[in-house]
Amino acid sequence: MRQNILKKIDWSILISAIILLAIGMVALFSATKNSNDDEFYRQAIWFGISLVALVVTVIIDYKAIARFSLFLYLIINVLLVLVLFTTPVNGATSWFNIGGFFTFQPSEFAKVIFIIFFSYVIVQFQKKDKNEINKFWKLLVCIGIAAIPILLIIKQPDYGTAIPFVVSIVVILFIAGIKRKYIFISLLIIVIALPLLYMFILPEHAKARIDIYLNPYKDPRGAGYNIIQSKLAIGSGEMFGMGLLKGNQTQLGYLYPKTTDFIYAVIGEEMGFVVAASIIIIYVFLILRAIKVAKNAKDDLGSYIAIGVAGLFIFHMLQNIGMTMGLLPITGVPLLFISYGGSSLISSFILIGLLLNISARKA
């Protein structure tokens with residue numbers, strides 16, 4: 001039985017993630033070589049923990065995980081409440097500091113748990129008839145399930161981490177067969193709400209990010225500084241890069257934060273267009289494989305989870321790479337598998353584990 005599962009696993013998914021991680025580790029090594037930062041070595045430790053998490057996720061049938069997802073959902077929401085009472089880091093209460101050695105960001109794991117639980121709830125609603133999801137009260141329940149972690153994450157405040165939840169909701173509901181009228185109504189609400197959100201709800205720092213996105217040279221030494229340096233770094237790399245440990249913006253400290261939000265700019269500067277473009281190609285391949293897993297899953301639960309994971313990958317790729325190029329506002333969204341961060345790396349490999357789990361148990 002176990003050998004049969006191993007044969008069915010789509011190993012190309014894991015290989016793609018490992019290649020992205022390898023590129024990220026090289027970039028981290030170069031970005032921290034001439035400093036006292038130990039992020040490269042910590043990331044190696046996180047990778048070891050991530051592999052354990054991945055193996056555990058693959059071994060346990062995703063249907064069994066889904067049956068316990070309500071418990072996990074409640075636990076992670078409790079953590080999202082408790083983290084609000086921690087000491088702010090860079091203006092946000094998003095991390096638990098454990099022993100002064102490492103930090104734990106519950107919102108990263110909330111994305112994983114939410115996708116599983118949200119998918120499980122929809123499947124329960126559709127047991128008798130798939131059209132049940134279009135009943136208004138059931139849609140309200142789905143929205144309520146999503147609203148709790150989203151609002152708690154916004155409260156931190158961390159708008160960048162909250163947006164992927166919305167992307168996952170949209171793609172899962174679309175695959176689940178939600179009626180077009182709900183999609184049109186939602187789009188209309190968004191169009192109306194966006195200017196109101198900007199004028200009356202968004203804090204000043206969030207508005208400043210949008211303003212700087214539209215014109216970074218409005219404040220080149222202040223709010224626009226990071227994006228200007230990022231664009232300079234990517235442009236300086238040209239086709240094959242300036243070479244490891246040779247990037248001006250990276251090595252002279254002009255690029256910040258170079259190991260997390262702007263790691264793609266480090267890659268663009270020191271490894272050039274070829275490697276930077278390869279990252280996009282690998283991501284697109286990974287997303288397409290995730291969609292294929294969703295298509296070939298043996299049940300709706302597997303399809304919904306896989307497409308939710310694909311939605312997360314799409315958002316993180318577009319948002320992080322887009323913001324480093326100045327095409328999108330800066331939101332602090334990491335480039336999965338590449339940016340430094342233990343919580344992000346472990347949760348990302350759990351997502352890979354879910355895809356492998358579903359592909360191994362396809363019909």
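Predicted model: local features only at pLDDT ≥ 70, side-chain atom pairs only at ≥ 80, totals over all residues.

Q: How many residues does helix H8 have, and how far does it reach?

A: Helix H8 covers residues 159-176, which is 18 residues, and spans 26 Å from its first C-alpha to its last. That is close to the 26 Å expected at 1.5 Å a residue.

Q: Which helices do the buried residues of H8 pack against?

A: They pack against helix H6 (106-125), helix H7 (136-155) and helix H14 (300-324). Among the buried residues of H8 are Phe-165, Ile-169, Ile-172 and Leu-173.

Q: And what comes just after H8?

A: Gly-177 follows, with a positive phi of about 100°.

Q: Changing topic: how many cavities of 30 Å³ or more does the structure hold?

A: There is 1 such cavity, and the largest cavity has about 50 Å³ of space.

Q: Where does Ile-9 lie?

A: Ile-9 is in the loop between helix H1 (2-8) and helix H2 (11-32).

Q: Why does Ile-9 count as buried?

A: Ile-9 counts as buried because its relative accessibility is 6%, and buried means under 20%.

Q: What does Ile-9 touch, leaving out residues up to four places away in sequence?

A: Ile-9 touches Val-58, Leu-356, Ser-359 and Ala-360. Leu-356 is 347 residues away from Ile-9 along the chain, yet their C-alpha atoms are separated by 5.6 Å.

Terms used. Residues numbered from 1 in each chain as written. Heavy atoms only, no water. Helix = DSSP H or I, 4+ residues; strand = E, 2+ residues; numbered from the N terminus. Expected span 1.5 Å × (residues − 1). Buried < 20%, exposed > 50% of the residue type's maximum accessible area, 1.4 Å probe, protein only. Contact = heavy atoms within 4.5 Å. 1 Å grid on protein atoms, 1.4 Å probe; cavity = no way out; pocket = protein on both sides within 12 Å on 5 of 7 lines; lining within 4 Å. Points joined across faces, edges and corners; volume = space filled by probe spheres on them.
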